[in-house]
Amino acid sequence: MRVAVVGGGVIGLCVAHYLELGGAEVILVERDRIGGGCSEGNGGWVCPSISRPLPAPGLTLTSLRWLLRSDSPLYIKPAAIPRLTGWLWAFRGYCNAESYAAGVAALAALNATTDPLYRGLAEDGVAFEQAEAGTILAYDGERELEQAAGLLAKLGEERVGRVDRLGRRALREAEPSLRGDLFGLHVRGDTHVRPESLCAGLAASLEARGVRILADVGVVGFAREGRRVRVALTAGPAAGGAATGRPPGEPIEADLFVVATGAETGTLLGMLESRLPVEAGKGYSITVRDARARLRQPVHVAPARIGFTPFRGALRTIGTMEFSGINQHLDRRRIALLERAARRYLPGALDGTARVDWVGMRPVLPDGLPAIGRLPALDNAYVATGHQMLGVTLAPSTGRALAQLVLEGRSDIDLTPFDPARFA
């Protein structure tokens, strides 16, 4: 069976990895760089402990107005509201306790294999930077900490590992560089990876196993026969890039097609006369090489909705969610928001030998859950997108589950909550 995977981010790479392991002949197509886009500058957290839907109970019209402020951690650009109105209304419809609880349970089930699958990637020869230090969730108020502790208790130690409570003194001892009158939870079952190294390692492993990877080759259309896709039509190199492996315009024939193009998945699905309400929730990060501040593990500072991830020789400050449509514009006001929080909570995080500011488009669906499965109008086209801030966490389980569905017609994981048909 020949399968064409469209999209070379962490989701597409993991789908290709497990398809190839399952015996498929795989060709992977990426319009830009492999591992670019949203997969490149994120925090790299592998965090079943905080795998939750984005729409949460309590969103009101008052809080929606607050989201129009450019200094809000979750920001909706006013100019984008006319186009986003229907999507935002659908999003608000999932901001209730019942939908949230169902989403948490679905994500927990998808995460059940996260840890063994990441260990399996290393055993399969995929080389990437990983640390198993856990994650610290830091708070300045008891209520939010108790809510988080209660949710972690429901997930259970077998899912998230041991959870230790850290008083103010214990948190200072655990992370001496951290400032603020904070206390928190140390979730020992979480790990983190450097996402650039994970994508590079997956790509190198795939190529070594004979998978054809075509970078700087964009899919611009499809040829169909009834309910089946026969050919993906490609076009040139991306602007400023060089085509590799295949001349512009050469069709890609396959038995099955998987679309995993993140926030831009909706555009490709439109070419297949299918619909999926994917929007871009833009995230920002600042990566500083040889930062003066030091951390032993990732830290999420709840009051500022900001995170810090230590890598070998670098520190990454991450945060914010911006809905402004499909675009790669880097808003300096959002970077300034990260800078202010970093200076307050982790002095020295921005001081180092080099710095990279980054923006990436996270794919978000109105219910905050990914879409994993076959497109309802087609017999041989599948989709994997909508992982919001959980792409790195959910990539291996998504890849394995979708590969099973494609090759065997079923998956070990119940994919019903993630069925793309729920939006048809």
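Leu405 touches Gly373, Arg374, Tyr382, Arg410 and Leu415, leaving out residues up to four places away in sequence. This residue sits in helix H12, which covers residues 391–408. The model is predicted. Its chain has 12 helices and 21 strands. The radius of gyration is 21 Å, close to the 22 Å that the globule rule gives for 424 residues, so the chain is as compact as a globular protein of that length.

- Leu405 and Arg343 are 62 residues apart in sequence. Their C-alpha atoms lie 47 Å apart in space.
- Gly386 is in the loop between strand E21 (381–385) and H12.
- Gly386 counts as buried, with a relative accessibility of 0%.
- Beyond residues up to four places away in sequence, Gly386 touches Pro363, Val364, Leu365, Leu369 and Pro370.
- Gly386 and Val278 are 108 residues apart in sequence, yet 6.6 Å apart in space, C-alpha to C-alpha.

**Overall build**

- The C-alpha trace spans about 65 × 45 × 45 Å along its principal axes.
- Buried residues make up 56% of the 424 in the chain.
- Take the contacts with a separation of 6 or more: 76% of them join residues 24 or more positions apart.
- The accessible surface is about 17,300 Å². Carbon and sulfur atoms account for 51% of that surface.

**Charges and salt bridges**

- The chain carries 49 positive and 45 negative side chains. The centres of the two sets are 6 Å apart.
- Side chains of opposite charge can pair when their charged atoms come close.
- The structure holds 28 salt bridges.

- Glu25 is partly exposed, at 47% relative accessible area.

- Arg169 is exposed, with a relative accessibility of 61%.

- Asp357 is partly exposed, with a relative accessible area of 22%. The cut-off for buried is under 20%, so this value falls in the partly exposed class.
- Arg332 and Asp357 belong to a network of salt bridges that also includes Glu339 and Arg355.

- Asp331 lies in the loop between strand E18 (314–323) and H11.
- Asp331 is buried, with a relative accessible area of 9%.
- Setting aside neighbours within four places in sequence, Asp331 is in contact with Tyr284 and Glu322.

- Arg305 is not a glycine, but has a positive phi of about 50°.
- Arg305 is in the loop between strand E16 (299–301) and strand E17 (306–311). Its relative accessible area is 39%, and Arg305 is partly exposed.
- Thr320 is not a glycine either, and has a positive phi of about 70°.
- Thr320 is placed in strand E18. At 7% relative accessibility, Thr320 is buried.

Technical notes: Residues are numbered from 1 along each chain as its sequence is written. This is a predicted model: local features need pLDDT of at least 70, side-chain atom pairs count only at pLDDT 80 or more; totals for chains, interfaces and linings use all residues. Side-chain values use heavy atoms; hydrogens and water are left out. Helices (H or I, at least four residues) and strands (E, at least two) are DSSP runs, numbered from the N terminus. The radius of gyration is taken over C-alpha atoms; the globule rule is 2.2 Å times the number of residues to the power 0.38. Buried means under 20% relative accessible area, exposed over 50%, partly exposed in between (1.4 Å probe, protein chains only). Contact means heavy atoms within 4.5 Å. Accessible areas come from the Shrake-Rupley method with a 1.4 Å probe; for residues, only the protein chains shown count as cover. Lys and Arg count as positive and Asp and Glu as negative; His and the chain ends are not counted. The place of a charge is taken as NZ of Lys, CZ of Arg, CG of Asp or CD of Glu. A salt bridge is a side-chain nitrogen of Lys or Arg within 4 Å of a carboxyl oxygen of Asp or Glu.
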